[in-house]
Amino acid sequence: MAETPITSLRSRPVALVTGGRRGIGAAIAVELAAAGCDVAYTDLLPAEADDLVQAGIEAAGGRALYVESDIADLDGHQSLIEAVTDWGGGLDVLVNNAGIGSPRRGDLLLLTPEHFDRVMGVNLRGTFFLSQRAAAWMAAHPRGDGFRRAIVTIGSVSAEMASPERGEYCISKAGLAMATKLLALRLADEGISVFEIRPGIIRTDMTAAVADVYDRRIAEGLSPIRRWGEPADVARATAALVRGDFAFATGSVVHVDGGLSIQRL
């Protein structure tokens, strides 16, 4: 069956992808453009003249807007939303992808408040309050054409699978799981679907430092599907949720982990 593009009263719906300059975020930005969106994307880095993400979005048929933004800076959320809505004429989709790993893996009993606060500030606090701001904008500007808007958060299998050597990361992702449920309940009557995607071992810059370890563990059967996940795997799942392929679902968790999170004896 052919995929159905997103439709809009505007020429194309507008998506905002945080952390969209590389890895999973970049793949999602391009995939959403192919699904019919104009895509704004953020990161911490200054704009580049040779922006491969912008080129990918435009090659897929979408318009692209890059906004330098730190989601941990709550004071900057309003200006980010305004930049996107002024540029695109609205906001229909938010993909919360930006996040950081544990600054230093180690003994849980030696985890510092500084590292804990840093991870929480980006992964949980920043993501939640940006979602709140985006949802409030969407609720105040109803579409009227039946299109279900969406907020998709890229979580992690670490929301359920405990890694004591990176406790602050696991706690942040567990918090996002509850935030997804809460937002789904609050926003259902607004026509805004809310989803969480939980990737497993994905080949990105974040996992590059431990690639040799995961190469071995995957070969030994860490996940039933014995390969690395790729950013494109997560991007395709995101696009399916954004397109409305799961129109009678909200608050749902989609595991993109090769079966890693299946409980086994």
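1. Four bridges connect strand S4 (residues 93-96) with strand S5 (residues 149-154), and the two run parallel. In S5, Ile 151 is the bridge partner of Leu 94. Strands (E, at least two residues) and helices (H or I, at least four) are DSSP runs, numbered from the N terminus. Two strands pair if DSSP finds at least two bridges between them.

2. The model is predicted: local features need pLDDT of at least 70, side-chain atom pairs count only at pLDDT 80 or more, and totals for chains, interfaces and linings use all residues. Residues are numbered from 1 along each chain as its sequence is written, and side-chain values use heavy atoms, leaving out hydrogens and water.

3. Seven strands form an open sheet with parallel pairing, in the order S3-S2-S1-S4-S5-S6-S7. S3 and strand S7 (252-256) are the edge strands, each pairing on one side only.

4. Strand S2 (residues 38-43) runs parallel to S3, and five bridges join them. The partner of Asp 43 in S3 is Glu 68.

5. Is strand S3 largely enclosed or largely open? Four of the five residues of S3 (residues 64-68) are buried, so the strand is largely enclosed by the rest of the structure. Buried means under 20% relative accessible area (1.4 Å probe, protein chains only).

6. Helix H4 (residues 113-140) lies across S4, S5 and strand S6 (192-199), at about 175° to S4. Angles run from 0 to 180 degrees between N-to-C directions, with axes fitted to C-alpha atoms, for helices over the stretch in contact (heavy atoms within 4.5 Å).

Notes: Buried means under 20% relative accessible area, exposed over 50%, partly exposed in between (1.4 Å probe, protein chains only).
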